[in-house]
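Hello,

Here is the structure I promised to pass on. Please have a look at it first, and then read my notes below.

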Amino acid sequence: MIRITDIVDRVLEYNADSDIDIIDRAYIFSARVHEGQVRLSGEPYLSHPLEVAYILADMNLDAVSISAALLHDVIEDTHATNEEVQQLFGDEILHIVSGVTKLSSLTFENAQARQAESIRKMLLAMADDLRVILIKLADRLHNMRTLQFHKEAKRRAIARETLDIYAPLAARLGIYWMKRELEDTAFRHILPTEYAEIEDRLAKDKKEREAYVESVKKIIREKMAENELECEVLGRYKYAYSIYQKMKSQELAFEDVYDIIAFRIIVKTVPKCYEALGFIHSMWKPIDIKFKDYIARPKPNMYQSLHTTVIGPAGERIEIQIRTWEMDRVAKSGVAAHWSYKEGQSVDEDASHKFAWIQNLIENQEITKDPDEFLENVRIDLFPDEVYVFTPNGEIKTLTKGSTPVDFAYLIHTEVGHQCTGAKVNGRMVPLRYELQTGDVVEIVTTKNHQPSKDWLKFVQTVKARSRIRQWIKTQEKDRSVSLGREMLEKAFRKHKLDYNILSKTDEMEKLAGVFGFKRVDDLIANVGYGKITPLQVVRKFVPPTQEPESQEDEQSILHKIMGRVRNKKSKTGVLVRGLDDILVRFGKCCQPVPGDPIIGYITQGYGVTVHRTNCVNALKMNPERGIDVEWNQGPDQTYPAKIRVNSTDRVGLLADVAASISKFNANIVSANTTTRENHTVDSMFTLAVEDINHLDKVVSALKKVKGVLGVKRIYN
Ligand code: MN
């Protein structure tokens with residue numbers, strides 16, 4: 001078992017100024033709270049954090065990392081609390097320890113391999129401090145080293161997860177030795193027979209093999225020196241898992257995996273690569289089909305090298321890679337590009353940049369040995385634009401940062417989005433505008449026939465949600481405009497003794513749509529509904545101009561009177577529908593609002609928006625979901641009909657006095673109707689054209705002063 005002194009010695013070796021005190025205190029605290037706990041191996045639990053800390057010390061990490069490693073399981077597995085850790089060791093260590101705890105709380109048992117990439121990204125996204133990931137990896141490495149103490153099923157599950165998630169993660173970070181060990185250990189537990197077989201065969205003639213590698217390297221070196229080509233020659237064994245992968249993917253027997261030892265020649269320039277290739281080929285016969293020029297044709301992940309397989313000195317095949325130092329560097333940090341490449345998308349420049357940078361950091365850490373510089377760079381936000389959340393089935397979904405349950409719902413399915421009425425996050429109901437956090441489990445509540453709300457556009461973040469909601473609104477508006485346009489056309493056609501419904505089914509109508517520049521008849525009708533084309537323009541195409549019964553102006557104004565609808569863009573109704581252009585507005589016949597009255601709009605099937613007074617009985621009966629904000633936006637010289645009832649005693653000349661009083665205030669009488677009651681009073685109903693509510697009030701107060709008038713009241717029907 002590793003002792004704390006081993007760790008401290010190791011740390012002092014690479015940084016004599018390390019804060020040993022904090023490491024000691026972390027050790028003592030960890031020993032105290034883990035006391036009595038035992039690993040499956042029978043060892044005291046404390047051996048685990050010690051081993052993890054030692055792995056990190058071996059990677060030359062700073063004292064904070066080492067301390068956090070010693071404490072990494074105290075919150076999850078002991079009675080120790082966040083507050084204690086914070087008080088004893090400060091915010092930084094607490095932050096790292098709780099980061100590791102958070103990662104450990106995620107379970108990927110139901111995860112499928114295809115999700116592995118998302119899981120890796122999620123882990124990286126949750127670890128906002130690189131040290132969290134490094135501790136997690138070291139933790140997994142030690143757990144893999146002691147995996148034999150678990151039951152078989154558990155062992156296989158953990159090994160599988162390691163292969164899918166943690167080994168690639170180590171590779172992403174450029175910690176190749178860890179990737180190899182994780183893979184080989186996992187391989188040993190998942191396929192013990194295959195593993196043992198490969199290991200046996202590798203061990204069999206290990207000595208001979210090593211001698212052989214040295215002899216080949218020597219021959220190559222001499223050949224290059226002879227030709228004054230400066231180079232470095234490397235020879236390396238593949239490890240068990242990579243040999244197995246090659247056997248499997250290329251259906252080879254062990255004997256046929258000829259590149260178990262790969263040789264690499266590194267030179268200064270590209271021309272020297274081809275020179276070196278020439279010398280190799282002049283010495284050993286190449287196998288033509290095995291020659292690959294990745295310098296002229298780089299791999300998509302930017303990998304460059306010459307690969308050749310030759311018949312070596314003992315008649316065996318040898319794989320040789322030739323590259324420049326620069327290419328060697330790219331090949332090693334090329335995992336960043338590889339990441340993007342694997343996603344099957346274009347190379348994510350930003351991500352590759354970040355990973356190249358992390359790799360540099362880890363590689364250079366061994367050289368620079370400057371813990372301060374390392375510290376400055378450990379705080380990372382690898383995916384600042386994304387959040388990763390779970391479906392109730394444990395599937396991971398990636399969303400834009402700031403996304404809401406509505407975005408999530410549309411990501412699942414457009415219909416789920418449309419019918420989304422609520423959401424549960426981690427089992428609790430949240431508002432639809434809740435901002436999703438990485439790690440959230442999201443469940444969408446849907447209601448059949450529910451429709452999306454325009455308000456959602458104010459908070460959704462994803463392109464998909466936005467476009468689906470917009471599309472839905474557009475379709476709705478078009479449907480309304482089509483039925484309105486059809487109604488308007490029917491009326492206009494009837495006036496010209498034409499039957500729209502018959503004509504609309506003829507080819508003529510289709511041709512006509514083309515004349516107006518539309519592909520479909522529906523588009524033409526919708527544009528009539530929008531008010532962009534008048535019905536008369538359409539009718540004219542069927543009737544010669546001389547047969548028109550009325551001028552266009554008359555037609556228009558009559559139409560307006562009949563329909564009571566005009567386009568809001570020109571503001572002829574004097575009402576604005578917030579956020580919507582091109583929508584048809586008309587007034588409810590029931591309440592006749594005038595400017596100044598509080599109003600509300602209702603979306604009606606096929607009629608655009610109908611405006612009522614807020615407290616109109618009919619408005620109150622409307623489905624509030626169809627309600628829409630509207631406001632007055634009166635143009636000059638616009639008037640509105642308002643109904644009043646004047647109750648007065650019956651006298652000669654009364655009506656004349658009332659009319660005079662009304663016209664004194666420039667209000668026109670649209671209609672009048674008088675009823676005499678039995679008690680010699682008269683009820684006169686007037687419909688006046690007034691500008692707004694003030695105008696009406698003035699008229700009403702003037703009327704009240706007319707001799708014989710008992711009362712004046714506005715009537716809303
Ligand atoms: Mn642990």
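**The metal site**

His48 (NE2), His72 (NE2), Asp73 (OD) and Asp139 (OD) coordinate the manganese ion at 2.2 to 2.3 Å (donors are N, O and S atoms within 2.8 Å of the metal, or 3.2 Å for Na, K and Ca; water is not among the atoms, so sites may look incomplete). His48 lies in helix α3 (residues 47-58) and Asp73 in the loop between α4 (63-70) and α5 (74-77), so the pair ties together parts that are 25 residues apart in sequence. His48 is buried, with a relative accessible area of 1%, and Asp73 is buried at 6% (buried means under 20%, exposed over 50%, partly exposed in between, with a 1.4 Å probe and protein chains only).

This is a predicted model: local features need pLDDT of at least 70, side-chain atom pairs count only at pLDDT 80 or more, and totals for chains, interfaces and linings use all residues. Residues are numbered from 1 along each chain as its sequence is written, and side-chain values use heavy atoms, leaving out hydrogens and water.

**The sheet**

An open, antiparallel sheet is built from 4 strands in the order β19-β20-β18-β21 (strands are DSSP runs of E, at least two residues, and helices of H or I, at least four, numbered from the N terminus; two strands pair if DSSP finds at least two bridges between them). β19 (668-676) and β21 (709-715) stand at the edges with a single partner strand each, so one side of each has no neighbour in the sheet. Between β18 (residues 640-649) and β20 (residues 681-690) there are 10 bridges, and Asn647 stands opposite Asp683 in β20.

Best wishes
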